Amino acid sequence: MTSGIVVLSVVMYLALLAPSARLIVTRKRTLAGPPAAPGEPGLLEVAYLRGGAIRVVDTAIARMCEDGRVSVNSNGELKVERAAAFNAVERALLARCGPDWGTKLYRLRVQLQFDPAVDGVRSSLVNRGLLISRAAEEKWKRAAELQVGGLVVGAVIALGLLGVPAALPVAITGLVLLAGGIKLRTAYGPRPKPGHTPRGQEFTDRVGRTGPWSVRASAEHPEGVAGVVAVRDTAGPEPDQPYLHQLRLAMRTRPATSTTAKTSKRAKSSSSSSSSYSSSSGGGYSCSGASSCSSGSHHSGHSSCSSGSSCSSSSSSCGGGSSCSS
């Protein structure tokens, strides 16, 4: 009888303590992320931190409308005015639009957020240590599930030992550890919406409160209308713009989720914009007829394009653009 109590006590302690210790270590590693990369996040990275994938799409649309590369009419349809792109997200947008009216803004918004180019923005933030990787999130969830299993096993043994007078101190100790484990699970378990590391959350909060990025007037923002959209959504820029009104209308128009998801998954496998946010890509679109357009890294997002010339495009980590070479 005594040896049985000893074995049960050891199992109970292991079940209550070992998974909890693993949860603590996993959480610490997950939130720490990789070492911080030098430099500040760029336009589309700020948009992802502030509003996720859909904010990246709205920011890209606002940037392209702002400098005249894309137009939006009163029916909520898009038309490409000048096929110049300066990052992978803009290339993905151009791949879904044409020189004629017909592309619905609300469909484009929903589909583009699932494009690999937007995933590339997220990956760049993971590499900067500002977002938690999906693999790390899964490890954290598994550690939490294992800890819950350990708590169940420990609780069953502790309650069973309560009926054994000789094991009463051990049982009470086990119940105390059980209560601590439950509290630990609540405090250290995965959050409902995991994503930001502490560094990422600090930057996300700060960029909306202080500094030049926090202003609401687009004329004073270093990235213009697109910068205000990235930080404050489409309701933020002052003065307002017609295409921002259409973006707000598009937010309230939601196509069938299942159809959109299937379309987006097919687009992922076939889209030419599958390059990551920070990687270079050769020219794959035409600019005003027979010419193809190139871009270099620049923070302002404005460009010009010459017909008859060909060049290659490269993406910028800050979401900006440059002039096309002739």
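The buried residues of α9 are Gly-224, Val-225, Ala-226, Gly-227, Val-228, Val-229, Ala-230 and Val-231. They belong to a predicted model. Helix α9 spans residues 224–232, and eight of its nine residues are buried, so the rest of the structure largely encloses this helix.

What do the buried residues of α9 pack against? Their partners are α2 (43–66), α8 (198–209) and α10 (242–251). Just after α9 comes Asp-233, which takes a positive phi of about 75°.

## How α2 meets α9

The axes of α2 and α9 come within 7 Å. They cross at roughly 155°. An angle over 145 degrees counts as roughly antiparallel, and α2 and α9 therefore fall in that class. Is their crossing left-handed or right-handed? The crossing of α2 and α9 is right-handed.

On the α2 side, the contact is made by Leu-43, Val-46, Ala-47, Arg-50, Arg-55, Asp-58, Thr-59, Ala-62, Arg-63 and Glu-66. On the α9 side, the contact residues include Gly-224, Val-225, Ala-226 and Gly-227. Val-229, Ala-230, Val-231 and Arg-232 of α9 also take part.

## How α2 meets α5

Helix α2 also packs against helix α5, which covers residues 116–127. Here the angle is about 155°, and the axes lie 10 Å apart. Helices α2 and α5 are therefore roughly antiparallel to each other. Their crossing is left-handed.

Which residues make this contact? From α2 come Leu-44, Glu-45, Tyr-48, Leu-49, Ala-53, Val-56 and Val-57. From α5 come Val-118, Val-121, Arg-122, Ser-124 and Leu-125.

## A three-stranded sheet

Three strands form an open sheet. Their order is β1-β2-β3, and the pairing is antiparallel. Which strands lie at the edges? They are β1 (70–72) and β3 (103–104), each of which pairs on one side only.

Strand β2 holds residues 77–80, and three bridges join it to β1. Val-70 has Val-80 of β2 as its bridge partner. Val-72 stands opposite Leu-78 in β2. The hairpin of β1 and β2 has four residues between the strands. In that hairpin, Gly-76 takes a positive phi near 75°.

Strands β2 and β3 run antiparallel, joined by two bridges. Glu-77 stands opposite Lys-104 in β3.

## Both faces of β2

In a regular strand, side chains alternate between the two faces of the sheet. In β2, Glu-77 and Lys-79 are on one side. Leu-78 and Val-80 are on the other. Are these four buried or exposed? All are buried, and both faces of β2 are covered.

## Helix α4

Helix α4 runs over residues 105–112. How many of its eight residues are buried? Seven are, and the helix is mostly covered. The buried residues are Leu-105, Tyr-106, Leu-108, Arg-109, Val-110, Gln-111 and Leu-112.

## Leu-175 in α7

Leu-175 is found in helix α7, which covers residues 168–188.

Where are its contacts? Setting aside residues up to four places away in sequence, Leu-175 touches Ala-158, Leu-159 and Leu-162. Leu-175 and Leu-159 are 16 residues apart along the chain. Their C-alpha atoms are separated by 7.9 Å.

## The chain as a whole

The protein chain has eleven helices and seven strands. It contains 326 residues, and buried residues make up 50% of them. The accessible surface of the chain comes to about 15,300 Å². Carbon and sulfur atoms account for 57% of that surface.

What share of contacts joins residues at least 24 apart? Among contacts between residues at least 6 apart in sequence, the share is 66%.

Terms used: Residues are numbered from 1 along each chain as its sequence is written. This is a predicted model: local features need pLDDT of at least 70, side-chain atom pairs count only at pLDDT 80 or more; totals for chains, interfaces and linings use all residues. Side-chain values use heavy atoms; hydrogens and water are left out. Two strands pair if DSSP finds at least two bridges between them. Buried means under 20% relative accessible area, exposed over 50%, partly exposed in between (1.4 Å probe, protein chains only). Contact means heavy atoms within 4.5 Å. Accessible areas come from the Shrake-Rupley method with a 1.4 Å probe; for residues, only the protein chains shown count as cover. Axes are lines fitted to C-alpha atoms, for helices over the stretch in contact, and angles run from 0 to 180 degrees between N-to-C directions. Angles under 35 degrees count as roughly parallel, over 145 as roughly antiparallel, 65 to 115 as roughly perpendicular and the rest as oblique. A crossing is left-handed if the near helix is turned anticlockwise from the far one by less than a right angle, and right-handed if clockwise.
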